[in-house]
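I opened the notebook to look up aromatic rings. I wanted to know which of them pair up.

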Amino acid sequence: MPIPPDPTLAPLAELAARAQPMRVPAGTRLFDAGHPCPGFPIVDEGSVSVSLHAPDGRRMELYRVEPGEVCVVSATCLFAHRVATASGEARSETVLRLISPADFEAVCERDAVLRRYVMGLMAERLADLMALVEAVAFQRLDQRLAALLCARAPSLRVTHQQLADELGTVREIVSRLLRRFERDGWVVLGRERIDIADAASLQRVCAGSNAV
């Protein structure tokens, strides 16, 4: 199982071991905002993107759930008995197991240590989301794009649309910024590939000292 070998998580691991694994292709919608959560996902392989979707079609990725990680939207939905506040979609072919809402609630109710552990992970994820809100509210888009590129240097295999989704903007703006970065010699653009050529200049953009 991808759950870390921590005795705290043994009850979840036992439930996941009994659940039937699901293999889904990239792009499969696993849960939707405004709908009840189908269960607590345990990712064995692959990755799930949790995002907000705007009426005009724009999308902003909040976080990703990799093997061994907790989906805070699912956990919050199940703890509070509310509908999901965001949507989850497989980024690549993904294998996962769904712990039923009833089983998840029951195991957390009877195991205070596990409950505190899950709540602690939710608090960590909330801190990440607050950092994302701060970046969206107070940083220019060129700063956020430069920061994303620096975080994944020296090269990225990604489309402009995927970057736009992560940044919560439209592809045309991302493409325009990337062409400016390329013109200044900071990146080299290829087919679904971006190579970082001048990380120092991108870091200055991150710091706001080099406007685009």
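These entries follow the aromatic pairs.

I noted the ground rules. This is a predicted model, where local features need pLDDT of at least 70, side-chain atom pairs count only at pLDDT 80 or more, and totals for chains, interfaces and linings use all residues. Residues are numbered from 1 along each chain as its sequence is written, and side-chain values use heavy atoms, without hydrogens and water.

I looked up F40 and F104. Their ring centres are 4.4 Å apart and their planes meet at 15 degrees, so I logged the pair as stacked (planes under 30 degrees apart; over 60 is edge-to-face, the rest tilted). F40 sits in strand β3 (residues 40-45) and F104 in helix α3 (residues 101-110), 64 residues apart. Helices (H or I, at least four residues) and strands (E, at least two) are DSSP runs, numbered from the N terminus.

I checked burial. F40 is buried at 1% relative accessible area, and F104 is buried at 0%. Buried means under 20%, exposed over 50%, partly exposed in between (1.4 Å probe, protein chains only).

I turned to F79 and F104. This pair is tilted, with 5.4 Å centre to centre and 55 degrees between the planes. F79 lies in helix α2 (residues 72-80) and F104 in helix α3, so the pair ties together parts 25 residues apart in sequence. F79 is partly exposed, at 29%.

Methods. Phe/Tyr/Trp six-rings, centres within 6.5 Å; stacked < 30°, edge-to-face > 60°.
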